[in-house]
Structures are given as structure tokens and as C-alpha cells.
Amino acid sequence: MLIRRTAEDISQPLRRTVQVAFLLLNLWIGFQFYQFVRQFETGVWRGWQRPAGVEGWLPIAGMMNSKVLLLTGYAPEVHPAAMVLFLVFVTSSLLLRKSFCGWLCPVGTLSEYLWSLGRETFRRTWTLPKWLDIPLRGLKYLLLGFFLYAVVSMTVTDIEGFLRSPYGLIADVRMLNFFRALSVTAAIIIGLLTIGSVFIANFWCRYLCPYGALMGLAALLSPLRIRRNKERCIDCAKCAKVCPAQLPVDRLTQIRSAECMACMSCIAVCPAEGALAMKLPGRKSRIVRPEWIAAAIAILLVASVTTAKWTGHWETPLPAHVYQRLVPLASETGHP
Ligand code: SF4
Ligand code: SF4
């Protein structure tokens with residue numbers, strides 16, 4: 001028997017709130033870091049401290065430090081926050097599917113704004129034909145494979161040598177400089193990705209993001225799944241139409257795909273009560289509500305960062321005179 005939905009679905013307003021909060025947090029971190037760097041470029045000290053959270057943008061350093069932690073049992077001193085945040089995001093994927101991409105990642109959020117703009121403007125988004133879509137989706141795994149190979153092939157000594165080199169110490173400043181002084185090639189690539197994102201939902205995330213690829217692989221182990229109850233489903237296909245990952249939600253009984261980012265958009269549009277839900281495994285599986293996902297992400301993030309701060313595994317203890325020496329030369333500092 002079909003029972004119409006009565007309760008208001010809060011998943012999308014809640015998810016967008018979490019996305020905006022995390023985007024604003026990242027903008028604030030970026031602004032603080034810019035001010036911190038400017039002090040060493042201008043020689044005028046204005047009291048800005050380096051926000052360690054900027055290391056969330058150093059996922060390779062996060063992978064390297066996680067390897068050192070795994071093999072030696074101790075956390076490296078340089079860029080420990082990169083490791084903490086990397087492990088938090090992988091854990092969130094292991095527990096809550098690829099929620100990092102659907103709820104947190106600022107690039108994913110901007111990408112969602114772009115394709116939403118495209119959909120508002122053109123009343124649709126486009127999909128690539130399967131013969132092109134499938135090989136292109138493999139690109140992000142190739143990029144991930146390249147980075148994983150680079151990290152796996154380094155010894156602990158190599159990693160420590162790399163991260164303690166001038167290049168490794170100011171990898172964050174180099175990243176800032178990359179965006180401050182975009183080369184023509186980088187500007188063209190970013191421009192093309194931006195235009196592509198207006199027409200194709202999650203263009204960057206779907207085809208090119210190696211971090212998202214890693215989160216998707218971790219999410220395959222997550223106990224949470226979107227599950228469809230065939231008895232309650234009225235086969236309207238609204239779920240499949242709205243899915244930004246282009247998954248055939250209306251034809252499957254559960255979504256196992258590494259592309260599912262736990263955005264819950266499919267549940268939000270489903271008109272049939274009890275037909276679609278995010279659930280834990282088991283025959284009498286429990287429904288996982290969006291507020292639980294938001295709370296779990298917040299608790300995981302806050303608890304991990306707080307613990308890292310208390311135990312001294314958050315800040316990179318680099319004296320100001322080292323930044324004073326390295327920051328003005330950041331753009332000329334070569335790879336070791
Ligand atoms: S299946 Fe549902 S939760 Fe997963 S990406 Fe598609 S719309 Fe989002
Ligand atoms: S939105 Fe999907 S799950 Fe819900 S009734 Fe329509 S086809 Fe079935």
C-alpha cells in the first residue's frame with residue numbers, strides 16, 4: 001500500500017548548512033594563512049598565527065604522515081594536522097560512505113553550486129555517453145594510483161627527509177602561491193573545469209579528483225547504504241533523475257557504488273513513504289537520519305582536532321625565523 005510522505009525532509013537544508021559552514025571555515029583558514037604569509041613577505045609582523053587547519057589542503061603530506069604513523073607508531077612533527085585531517089576524512093568514508101564529498105569538501109560544494117546554476121539556467125544537466133563516461137571515470141583512479149605509488153614507494157626516512165626539506169616545510173605556502181599567481185595553463189584548466197561543472201554534475205569530482213576516488217574506495221567498506229523497498233516504490237524514477245552521481249537508484253535495491261556521496265538527495269525527492277532510506281545492514285535495518293550523519297561528522301572532526309591539539313599532534317613546531325628565511329623564496333624552492 002502506498003503511503004504518501006508527510007514528514008518534512010530536512011536532509012538537504014541540513015547538508016547545505018554543513019557545506020556552507022565548512023566552506024566558510026576553509027575561507028577563514030585561507031584568509032588567516034594568507035595574512036600569516038604576508039607578514040614574512042612584507043617584514044611587518046602583525047600577530048597572525050599559522051592556522052594548522054590549512055594542512056587539510058595537503059592530502060599527500062597527510063598520506064605520507066599516515067604511513068609513518070602506521071609503520072613506526074609515532075606521528076611526524078612536520079604537518080601533523082595533514083595526517084589528522086586525512087585520517088578523519090578516511091574514517092568518515094569508512095563509517096558514513098563518501099560523506100566527505102557530499103557534506104564537507106569545499107570543492108564539491110562549489111561544484112554543486114555550479115551544476116545547480118547550470119540546471120537552473122538550462123533546465124537540465126548533461127551526461128556523457130557511456131563509452132566516454134566510463135573511461136573518463138577511471139582517470140581519478142589513475143591519478144590516485146600515481147599518488148599512492150609515490151607514497152608507498154617511499155621509505156620512512158625518505159618521507160621524513162622530504163617533509164623536512166625546505167620544499168616540504170613550506171608546501172602550504174607553495175600551494176597558496178600556486179593560486180595567487182596562476183600560470184596561464186593552470187588558469188585555462190581551471191576555467192575549463194569550471195565551465196564543464198556548469199553542464200555536467202560534479203565534473204571534477206566524477207572524473208578527476210583522486211581524493212574523492214580514495215574516499216569512494218573507503219566507502220565501499222561502509223555499513224551504510226541507500227536501500228530501496230521495492231514494495232513501497234512507485235517507480236517514478238525521481239530518485240535516479242536527481243542523483244548527482246547518475247546512479248540508477250530506481251532500479252537497484254541497495255546502492256553499493258563508490259560514487260554515492262551520501263547526499264540523500266534521492267531520499268529527499270522520493271514521494272513514497274518508506275521506499276528509500278539510508279540504512280544500516282540487516283533485515284530489520286535501522287534508518288539513519290540526516291541529522292545523525294551531520295552530528296557524526298561534527299563529532300568526529302571536533303573530537304579528533306581537539307585530541308590532536310591536546311596531545312601536541314596539531315601544530316607544526318616551526319620557529320618564525322625558519323618561515324622568515326623560506327617564505328620569500330617559496331616560489332623558487334625546488335622539489336628535493
Ligand atoms: S544514490 Fe542518493 S545519496 Fe547516493 S549520490 Fe545518488 S542521490 Fe546522493
Ligand atoms: S523516487 Fe525512486 S524509490 Fe522513490 S518511489 Fe520513485 S522510483 Fe521509487
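The structure is a predicted model, in which local features need pLDDT of at least 70 and side-chain atom pairs count only at pLDDT 80 or more, while totals for chains, interfaces and linings use all residues. Residues are numbered from 1 along each chain as its sequence is written, chains are lettered from A and ligands numbered from 1 in the order in which they are written, and side-chain values use heavy atoms, with hydrogens and water left out.

Phe36 and Phe40 both belong to helix H1 (residues 11-42), where four residues, about one turn of the helix, separate them; helices here are DSSP runs (H or I, at least four residues) numbered from the N terminus. Phe36 and Phe40 are buried, that is, under 20% relative accessible area, with exposed meaning over 50% and partly exposed in between (1.4 Å probe, protein chains only). Another edge-to-face pair joins Phe178 and Phe179, at 5.0 Å from centre to centre and with 85° between the planes. Here Phe178 is partly exposed, its relative accessible area being 42%, whereas Phe179 is exposed at 51%. Ring pairs also gather Phe22, Phe86, Phe89, Phe100 and Tyr211 into a cluster.

Helix packing comes next. The axes of H1 and helix H5 (residues 106-122) lie 9 Å apart, at an angle of about 120°; axes are lines fitted to C-alpha atoms, for helices over the stretch in contact, and angles run from 0 to 180 degrees between N-to-C directions. H1 and H5 are therefore oblique to each other, the class left once angles under 35 degrees are taken as roughly parallel, over 145 as roughly antiparallel and 65 to 115 as roughly perpendicular. Their crossing is left-handed (near helix turned anticlockwise from the far one by less than a right angle; right-handed if clockwise). H1 contributes Arg15, Arg16, Gln19, Val20, Phe22, Leu23 and Asn26 to the contact, and H5 contributes Pro106, Thr109, Leu110, Glu112 and Tyr113, contact meaning heavy atoms within 4.5 Å. These residues comprise six nonpolar, three polar and three charged (Ala, Val, Leu, Ile, Met, Phe, Trp, Tyr, Cys and Pro are nonpolar, Asp, Glu, Lys and Arg charged, and the others, Gly among them, polar).

Helix H3 (residues 80-96) and helix H15 (residues 290-310) bring their axes within 10 Å and cross at roughly 155°. H3 and H15 are therefore roughly antiparallel, and their crossing is right-handed. Among the H3 residues that meet H15 are Val84, Leu85, Val88 and Phe89, while the H15 side includes Ile293, Ala296, Ile297 and Leu300. This contact of H3 with H15 draws on twelve nonpolar residues, three polar and no charged.

Asn177 sits in helix H9 (residues 171-180) and is buried, at 11% relative accessibility. Leaving aside residues up to four places away in sequence, Asn177 touches Glu41, Ala330 and Ser331. Gly145, found in helix H6 (residues 130-152), is partly exposed at 35% relative accessibility. Between the C-alpha atoms of Gly145 and Leu182 there are 26 Å, with 37 residues separating the two along the chain.

Definitions and conventions: Helices (H or I, at least four residues) and strands (E, at least two) are DSSP runs, numbered from the N terminus. Rings of Phe, Tyr and Trp (its six-membered ring) pair if their centres lie within 6.5 Å; planes under 30 degrees apart count as stacked, over 60 as edge-to-face and the rest as tilted.
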